Amino acid sequence: MRNPLSDKIVEIKPSGIRKFFDIVSEMKDAISLGVGEPDFDTPWHIRDEGIYSLEKGKTFYTSNAGLKELRQEICNYYYRKQGVSYNPITETLVTVGGSEGIDMCLRSMLNPGEEVIIPTPCYVSYEPCTVMAGGVPVILPLKNENQFRLTAEELESAITDKTKILILAFPNNPTGAIMDKEDLEAIAEVIIKHDIFVLSDEIYSELTYSEKPHVSICSLPGMRERTIVINGFSKAYAMTGWRLGYALGPAEIIKQMTKLHQFAIMCAPTTSQYAAVEAIKNGDEDVAEMREAYNQRRRYLMHEFEEMGLPCFEPFGAFYVFPCIKEFGMTSEEFALKFLEDEKVAVVPGTAFGDCGEGFLRISYAYSIDDLKVAIGRLKNFVEKLREAK
């Protein structure tokens with residue numbers, strides 16, 4: 001029988017996170033610190049707007065690019081937060097989560113053989129989406145000593161005459177690293193010099209804990225026309241299951257993304273779009289409350305790591321910490337598997353996010369403080385046993 005499968009899709013490895021989810025789902029009394037999903041319910045006033053839209057029979061397709069009102073509110077939001085103006089009709093696309101936006105962007109922009117620079121550790125979708133779009137991933141390992149920030153020198157070293165796109169994902173999953181305005185200004189100089197584009201994944205932009213607010217690279221001089229911003233509602237508004245994101249960028253790029261979205265998706269879920277209008281208009285207080293809760297958990301984890309002597313740079317974004325476990329002489333996967341088997345706590349090995357994540361773990365603090373205390377107690381016990389066994 002003829003092979004029914006694409007060689008390209010077969011060669012792509014499944015997510016390194018999934019195996020731990022599968023194991024923990026079958027393990028009684030296990031605690032998972034592996035999922036990057038808020039533990040908060042979607043705020044009631046947002047849910048209520050979605051319910052109301054159903055009651056009013058608003059269950060039909062929207063335009064391909066999304067509800068005009070929602071696109072306008074997205075543009076208002078970026079002007080309010082970043083001082084950047086976008087046209088809601090020609091420069092805005094509502095997508096099925098940020099993940100679809102990433103896929104649509106890469107497929108709309110890449111020609112076969114063009115290179116995409118992907119700083120790692122990073123979100124698991126960037127590399128396979130690049131490959132499926134016919135591009136060539138150029139993996140750029142970031143360094144713990146730089147707090148996993150991208151430097152201008154590192155970027156310069158990775159650029160070739162085939163480079164087309166840099167994927168910039170800060171605040172970062174899995175490290176929690178952020179980039180300040182000064183960091184981005186140095187990066188922007190290199191981007192403009194080499195005439196390349198940026199896919200800026202800002203899904204965690206509302207979850208930053210330093211005194212400085214998040215700065216989008218699109219707000220810097222000369223960068224608006226070179227940047228495709230990907231964002232969404234999942235993390236900031238606890239709306240993961242609503243599956244809603246968006247893209248902002250130059251009209252010529254958004255036009256092609258919308259065309260591809262039209263053929264692949266038609267439009268994002270209508271109910272979710274009505275709920276999102278309420279979220280982005282009236283959800284600032286909800287975001288602030290959730291951010292404060294995450295920050296409390298973040299500070300707790302950093303204190304506990306210091307107490308147990310587990311090195312971890314202080315992350316100021318997203319809801320992840322990335323502690324180093326190199327002292328134990330185990331791979332990240334070996335450590336995570338043994339920790340799960342011995343203590344019934346699931347964390348994700350750093351290598352799930354790229355080879356340079358070896359020697360690290362991703363621990364999510366999108367969980368209650370009570371669950372975190374139990375899990376960290378088990379981690380202390382596990383670490384003590386490993387040290388005693390040396």
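Leaving aside neighbours within four places in sequence, glutamate 91 is in contact (heavy atoms within 4.5 Å) with Ser85, Tyr86, Arg224, Ala247, Leu248, Gly249, Pro250, Ala251 and Ile254. This is a predicted model, in which local features need pLDDT of at least 70 and side-chain atom pairs count only at pLDDT 80 or more, while totals for chains, interfaces and linings use all residues. Residues are numbered from 1 along each chain as its sequence is written, and side-chain values use heavy atoms, with hydrogens and water left out.

- Glutamate 91 is found in the loop between helix 4 (68-82) and strand 2 (92-95); helices (H or I, at least four residues) and strands (E, at least two) are DSSP runs, numbered from the N terminus.
- With a relative accessible area of 11%, glutamate 91 is buried; buried means under 20% relative accessible area, exposed over 50%, and partly exposed in between (1.4 Å probe, protein chains only).
- A polar atom of the side chain of glutamate 91 lies 2.8 Å from the backbone nitrogen of asparagine 87.
- Alanine 238, in the loop between strand 7 (227-232) and strand 8 (245-248), is buried at a relative accessible area of 6%.
- Not counting residues up to four places away in sequence, alanine 238 touches Pro38, Phe40, Asp41, Thr42, Phe233 and Met290.
- The C-alpha atoms of alanine 238 and phenylalanine 40 are separated by 6.1 Å, although the two are 198 residues apart along the chain.

**Helix 13**

- The 20 residues of helix 13 (residues 369-388) should span 28 Å at 1.5 Å a residue, and the end C-alpha atoms are 28 Å apart, which agrees; the expected span is 1.5 Å times one less than the number of residues.
- Leu372, Ala375, Ile376, Leu379, Phe382, Val383 and Leu386 are the buried residues of helix 13.
- They cover an arc of only 120° around the axis, so they lie on the same side of helix 13; the arc is that of the directions from the helix axis to the C-beta atoms.
- Exposed residues Asp370 and Glu388 sit on the face of helix 13 turned away from its buried side.
- The cover over the buried residues of helix 13 includes strand 1 (31-32), helix 11 (284-308), helix 12 (332-343), strand 10 (345-346) and strand 12 (361-364).

**Aromatic pairs**

- There are 18 aromatic pairs in the structure; rings of Phe, Tyr and Trp (its six-membered ring) pair if their centres lie within 6.5 Å, with planes under 30 degrees apart counted as stacked, over 60 as edge-to-face and the rest as tilted.
- The rings of phenylalanine 148 and phenylalanine 360 are edge-to-face, because their planes are at 80°, with centres 5.5 Å apart.
- This pair ties together parts that are 212 residues apart in sequence, since phenylalanine 148 lies in the loop between strand 4 (136-141) and helix 7 (152-158) and phenylalanine 360 in the loop between strand 11 (348-349) and strand 12.
- Both phenylalanine 148 and phenylalanine 360 are buried.
- The rings of phenylalanine 339 and phenylalanine 382 have centres 5.2 Å apart and planes at 35°, so this pair is tilted.
- Phe40, Tyr204, Tyr294, Phe319 and Tyr320 form one aromatic cluster.

**Cysteines**

- The count of disulfides (pairs of cysteine sulfur atoms within 2.5 Å) comes to zero.
- The cysteine sulfur nearest to that of cysteine 75 belongs to cysteine 218 and is 11 Å away, too far for a bond.
- Cysteine 75 is buried at a relative accessible area of 3%, and cysteine 218 is buried at 2%.

Note on methods. Polar contact = N/O pair within 3.5 Å; in protein donor to acceptor, adjacent residues only side chain to side chain.
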